[in-house]
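Visitor: I would like to learn how to read the charged and nonpolar features of a model such as this one. Could we go through them one at a time?

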Amino acid sequence: MVKMRTKTTLPDGTRTMNDDEICAKVLGVKSGYIKGCGFGPRPPPSSTSRSSLDEMSEKNKELEDKLEETQDTIKAQQEKIDAQNVLIQELQEQGKKFEQFMATFMNQQASS
């Protein structure tokens with residue numbers, strides 16, 4: 001690293017590579033380092049985040065159950081709406097028949 005530092009330093013004292021770049025070139029770059037924090041610190045072990053993963057899985061399961069319950073409620077309500085629409089259609093048909101009956105009855109009353 002010292003040789004590379006010497007090679008990358010120009011006669012006027014400016015350097016063409018900084019220390020992090022020299023380290024990366026000499027040692028190579030490994031995944032797992034925290035980006036932007038240099039070559040020292042590493043991310044915490046994944047075991048510490050295991051509990052939060054379990055919590056998220058539990059919450060996900062609760063949300064899936066709630067979604068299924070809501071979908072069942074929607075299905076039941078849609079079935080009720082469909083049944084009411086059939087009843088409305090039947091009542092409208094009966095209303096039309098009643099109007100026809102009344103018109104016929106009125107015509108017979110007028111002609112008598």
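Visitor: Is E62 buried, partly exposed or exposed?

Guide: In this predicted model, E62 has a relative accessible area of 43% and is therefore partly exposed, since that class lies between 20% and 50%. E62 is found in helix 3, which spans residues 50-111, and together with D54, E55 and E58 it forms a negative surface patch.

Visitor: Which residues make the nonpolar surface patch?

Guide: The nonpolar patch, of about 510 Å², is made by F98, F101, M102, F105 and M106. One of these, F105, lies in helix 3 and is partly exposed at 36% relative accessibility.

Visitor: How should I read the salt bridges, and how many are there?

Guide: Side chains of opposite charge can pair when their charged atoms come close. The count here comes to three. R5 and D19 meet at 2.7 Å, N to O, and this pair links distant parts of the chain, with R5 in helix 1 and D19 in helix 2, 14 residues apart. D19 also forms a salt bridge with R15, where the closest N and O atoms are 2.4 Å apart, so that R5, R15 and D19 are linked in a network.

Terms used:
Residues numbered from 1 in each chain as written. Predicted model: local features only at pLDDT ≥ 70, side-chain atom pairs only at ≥ 80, totals over all residues. Heavy atoms only, no water. Patch = residues over 30% accessible without salt bridge, like charges linked within 9 Å, V, L, I, M, F, W, Y side chains within 5 Å. Areas by Shrake-Rupley, 256 points an atom, 1.4 Å probe, with all protein chains shown as cover. Salt bridge = Lys/Arg side-chain N within 4 Å of Asp/Glu carboxyl O. Lys, Arg positive; Asp, Glu negative; His and termini not counted. Charge placed at Lys NZ, Arg CZ, Asp CG, Glu CD. Helix = DSSP H or I, 4+ residues; strand = E, 2+ residues; numbered from the N terminus. Buried < 20%, exposed > 50% of the residue type's maximum accessible area, 1.4 Å probe, protein only.
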